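Thanks for coming. I have one model to go through this morning, and I will keep to what can be read from the coordinates.

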Amino acid sequence: MSSVDNERSDDAPPQPPVTDHQRELAAQAMNEFEMGQYVNCSKTMSQLADARPTDVKVILNRSVALFYQSQCKAVDEFRHNIQTVFTMARISPDLSEKSNLDDADYAVVYYNKAVILYHEKQHRAALSILEKLFKYIEPIDEALAQKVMLLLTELYLSVHQPFDAWRMILNIEKFLSGKSQSSQGDKDKNDSNNAGAQEALKAKLNLYKVRCNLMSKQMKNKKEYKALQGNSPPVVYVKAYYEYLKGNLKKAAKMLGNPPSSHLSPSTGECLAVLYHNNQALINMCLKKPNFGICQIRDALKFNEKIMRDAVPNDKARPPLQLSYVSQHYVLLYNLGVLQLHSQRPSLAFDCFVECVQVYHRNPRLWLRLAECCIMFHRENNDVDREHRHKLEVIQLSVGSGFHHKLILGQGVQKDRKVSASGGVFPTLNLGFASFCLKNALALLPVDSLDVKSPPPDEQAESGPPPTDPVLISAEPGNPLRETEAANLRCSILAASAYVALCENEYCKALAHAVNLLRQPNLTAAQRYLGHMYKGEALVTLDRIADAIDELNPEKVIDISTSLPEANNDQEKEQDGLAENRTSLLKWSPDSVTVAKGLMQYNLAVAYAMRTDYDKSLRALTESSEKVGSPIPVQMFYLKLYLDLKQGNKKAAINVINEHFGYISRS
């Protein structure tokens, strides 16, 4: 609500002077609105509108009163009335044609429109309006200017732009300091109320600062965190999130307390039960309890469905604006997919992620997770080749007897491999679709810094200093990715791409991905090992045996840890307090350097065999089988029999068959 006076914009239609009776009606309507008597306020404003039918401010205030009278449910009518105000005032709805904003009441119109867009989760549209409105913040009423800046801060956090939110917080603090200095000599009976409001606002701004730090993962700045006071749910959950990022998982779970009630907050539209069970599920995932986390996420989904039924009790009734878009379904579904993937359920995880694609299609992590579901469905882990069922397939059949006794060997572990004929466009659990997902994931990452040529010094001087804010890449529903996290994600995508290309018989692509992977600066030791392995396998299949032998040198394998490399620049060192993903949540195979060398030697033996250097191949295979331990992967039996037969060493082949497959050879 705003006051009625004689001031008008140059663009607005001329208005008759305001009479004393009209001023009394305006003051009465303001009092009724502030006291929550919206029905009486609407009637008073209707009387004023009859007297001043072309007054833009009266039409706006009457629209606000009617909207509150409907308990914020008549959203379409309110939106139509705002559009009517834009038309009557002859101003642009998106503020694109307004060169100055001398009239505060027109700022109220834009603010009201932004509030509607904010509650309808159209954050980018609301942000576009308020960013333009902020340019004209000086002539706007102080109370409205403060609301505009607070909503801008909330919007920046909603779209994961913490550095812009931080700058807006500084603007608010500067605005408040100037306001306090100007009113330093004006003290009255409301000083205590004003002081309480100022303290509440300062606490809110401090909470915003902590949220900005956590979103940008600036963990060293503890000043704002220590200044958090009270036990309100926002403060408690922010403190728990801080401990979660620090790696103090049990402490974070303890801080969340007991399960809260499942009621829906009528003012914010939040349900603490949904937040609680979701947060506990993520903590349990990091504690390597994904199955327990799945149960908690399912509880969160049940509570989410309940609050949706509470907000919309029937199809005909419309909920208030602040309760119209309270569902957290896709956020919870994304987290459920991650938990299902960690619990070795790729099919269930895939269904969750496919549904999330329609909302979070610009998240490169989501596309990688889809590809990982396909890969896990294709091959559960690296130890499947040691299983007894595969060993039974080495010798499929025994025919004849005596001198005519024959053994029929199997076709190998890749006998059932099928290359996708659909091109991977349709969402199915196959490697063709995995390749499609990995292409999307790479395309959504920023251009690789290794591919960007630095401009000449003259051009650098002309372009000016680089931006001070770190680059953040959107990854909704999670926090944005820093440059280092995007680089780590690129390594994971390239490793998966090389593997999928090998399985799809696209050896040139596999080689290109492996080469690109090995040149990345922040590889983990395990990823470097995979890069050399995939590159060597691709070179073997491309008949570049000499290059493959150099690449598959087992002496190069000195570490296979999954820990991220240490920070090597100031920006990364600022994140040293962050404990996220420093080690793998899943057991990685091979789990020792000795076994890793043995597997590398097996591939080296294959390379020697391809070059018909059977003696070297047999020596490498023998050393490999000793290092990988028992049970031996089934591929080694195939290669051993092949080498013995190619060298004419029939007796050695018979010994292998009698030792490992005697139950078939004697039948």
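I will start with the model as a whole, then go to salt bridges, the strands and a few backbone details.

This is a predicted model, in which local features need pLDDT of at least 70 and side-chain atom pairs count only at pLDDT 80 or more, while totals for chains, interfaces and linings use all residues. Residues are numbered from 1 along each chain as its sequence is written, and side-chain values use heavy atoms, with hydrogens and water left out.

First, confidence. pLDDT is the predictor's confidence in each residue, from 0 to 100. The protein chain averages 84, and 85% of the residues score at least 70. Residues 6-10 have a pLDDT below 50, and this stretch has 13 contacts in the model beyond near neighbours in sequence; contact means heavy atoms within 4.5 Å. Where pLDDT is low, the predicted coordinates should not be read in detail.

Now the overall make-up. The protein chain has 29 helices and two strands. Helices (H or I, at least four residues) and strands (E, at least two) are DSSP runs, numbered from the N terminus. Of the 667 residues, 44% are buried. Buried means under 20% relative accessible area, exposed means over 50%, and partly exposed is in between, with a 1.4 Å probe and protein chains only. The accessible surface comes to about 34800 Å², and carbon and sulfur atoms account for 52% of that. Those areas come from the Shrake-Rupley method with a 1.4 Å probe; for residues, only the protein chains shown count as cover. Among contacts between residues at least 6 apart in sequence, 65% join residues at least 24 apart.

On to charged pairs. A salt bridge here is a side-chain nitrogen of Lys or Arg within 4 Å of a carboxyl oxygen of Asp or Glu. By that rule the count is 19.

What does the bridge between R318 and D76 tie together? The two side chains meet at 3.2 Å, N to O. R318 sits in the loop between α14 (290-311) and α15 (329-342), and D76 sits in helix α4 (residues 75-89), so the pair ties together parts that are 242 residues apart in sequence. R318 is partly exposed at 31% relative accessibility, and D76 is partly exposed at 47%. Both belong to a network of salt bridges that links D76, R79, E120 and R318.

K251 and E243 make another salt bridge, at 3.7 Å, N to O. K251 counts as partly exposed, at 45% relative accessibility, whereas E243 counts as buried, at 6%.

R369 forms a salt bridge with E372, with the closest N and O atoms 3.1 Å apart. The two residues both lie in α17, three residues apart, about one turn of the helix. E372 is partly exposed, with a relative accessible area of 26%. Leaving aside neighbours within four places in sequence, R369 is in contact with L341 and F353.

Next, the strands. S398 is in strand β1 (residues 395-399), and I408 is in strand β2 (residues 406-409). S398 is partly exposed at 22% relative accessibility, and I408 is partly exposed at 37%. I408 also forms a nonpolar surface patch with L397 and V399, with about 220 Å² of accessible area together. Patches are made of residues with over 30% relative accessible area and no salt bridge; like charges are joined within 9 Å, and nonpolar side chains (Val, Leu, Ile, Met, Phe, Trp, Tyr) within 5 Å.

Last, the backbone. Where are the cis peptide bonds I want to mention? One joins E476 and P477, with omega about 10°, and P477 is in the loop between α20 (457-463) and α21 (483-503). Another runs from S589 to P590, with omega near 10°, and P590 is in the loop between α25 (570-573) and α26 (593-610).

K217 has a positive phi of about 60° although it is not a glycine. K217 lies in the loop between α9 (191-216) and α10 (223-226) and is buried, at 4% relative accessibility. T612, also not a glycine, has a positive phi of about 60°. T612 lies in the loop between α26 and α27 (614-628) and is exposed, with a relative accessible area of 53%.
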